[in-house]
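Subject: Structure for your review

Dear colleague,

Please find below the sequence and structure that I am handing over to you. A summary of the findings follows them.

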Amino acid sequence: MTEEPAPADLGVVASEFASVSVSVDDRGNSTRLRLEDLRTGVVRYLDALELESIVWAPDAWIRTLLDPSQHRWRDADPGPARESLRTPGSAVPEP
């Protein structure tokens with residue numbers, strides 16, 4: 001049995017607010033970006049379609065996504081199995 005190669009490390013993107021390790025992972029069904037929050041160890045994989053969707057997303061959607069009060073600055077509760085960018089009673093951001 002051959003050992004699968006480790007993700008190709010691209011580096012760390014850091015600011016005073018966050019520190020994220022970025023690498024390319026070829027071990028799934030297709031090449032994807034591997035992002036790891038170095039503060040918490042949480043890992044997220046993004047494939048080409050997900051990355052393209054972020055590039056084309058309207059600014060209002062990106063601002064909602066980046067609002068840490070929506071998900072990051074909450075209690076240790078893991079939250080719902082499927083997260084939503086909308087809060088109860090809020091409208092979906094217009095494109």
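Which residue in β2 is the bridge partner of Asp9? It is Ser23. Before the details, please note that this is a predicted model.

**The sheet**

In general, the strands of a sheet pair through backbone hydrogen bonds, in either a parallel or an antiparallel manner.

Four strands form an open sheet in the order β1-β2-β3-β4, and their pairing is antiparallel. The edges are held by β1 (8–14) and β4 (43–46). Each of these two has a single partner strand, so one side of each has no neighbour in the sheet. On average, neighbouring strands of the sheet are turned by 20° against each other, when direction is ignored.

Helix α1 packs on this sheet, where it touches β3 (32–37) and β4. The direction of α1 makes about 90° with that of β4.

**The chain as a whole**

The protein chain contains two helices and four strands. Read from the N terminus, its elements follow the order β-β-β-β-α-α. The chain has 95 residues, of which 9% count as buried. Its accessible surface comes to about 8,000 Å², and carbon and sulfur atoms account for 55% of that surface. Among contacts in the chain with a separation of 6 or more, 15% are between residues 24 or more positions apart.

Leu51, Ile54, Trp61, Leu65 and Leu66 together make a nonpolar surface patch of about 400 Å². Two elements, α1 (48–56) and α2 (59–66), each give two or more residues to this patch. Of the elements, α2 gives the most, with three residues.

Leu66 is found in helix α2. Is Leu66 buried or exposed? Its relative accessibility is 60%, and because the cut-off for an exposed residue is over 50%, Leu66 counts as exposed.

With kind regards

Key: Residues are numbered from 1 along each chain as its sequence is written. This is a predicted model: local features need pLDDT of at least 70, side-chain atom pairs count only at pLDDT 80 or more; totals for chains, interfaces and linings use all residues. Side-chain values use heavy atoms; hydrogens and water are left out. Patches are made of residues with over 30% relative accessible area and no salt bridge: like charges are joined within 9 Å, nonpolar side chains (Val, Leu, Ile, Met, Phe, Trp, Tyr) within 5 Å. Accessible areas come from the Shrake-Rupley method with a 1.4 Å probe; for residues, only the protein chains shown count as cover. A salt bridge is a side-chain nitrogen of Lys or Arg within 4 Å of a carboxyl oxygen of Asp or Glu. Buried means under 20% relative accessible area, exposed over 50%, partly exposed in between (1.4 Å probe, protein chains only). Contact means heavy atoms within 4.5 Å. Two strands pair if DSSP finds at least two bridges between them. Axes are lines fitted to C-alpha atoms, for helices over the stretch in contact, and angles run from 0 to 180 degrees between N-to-C directions.
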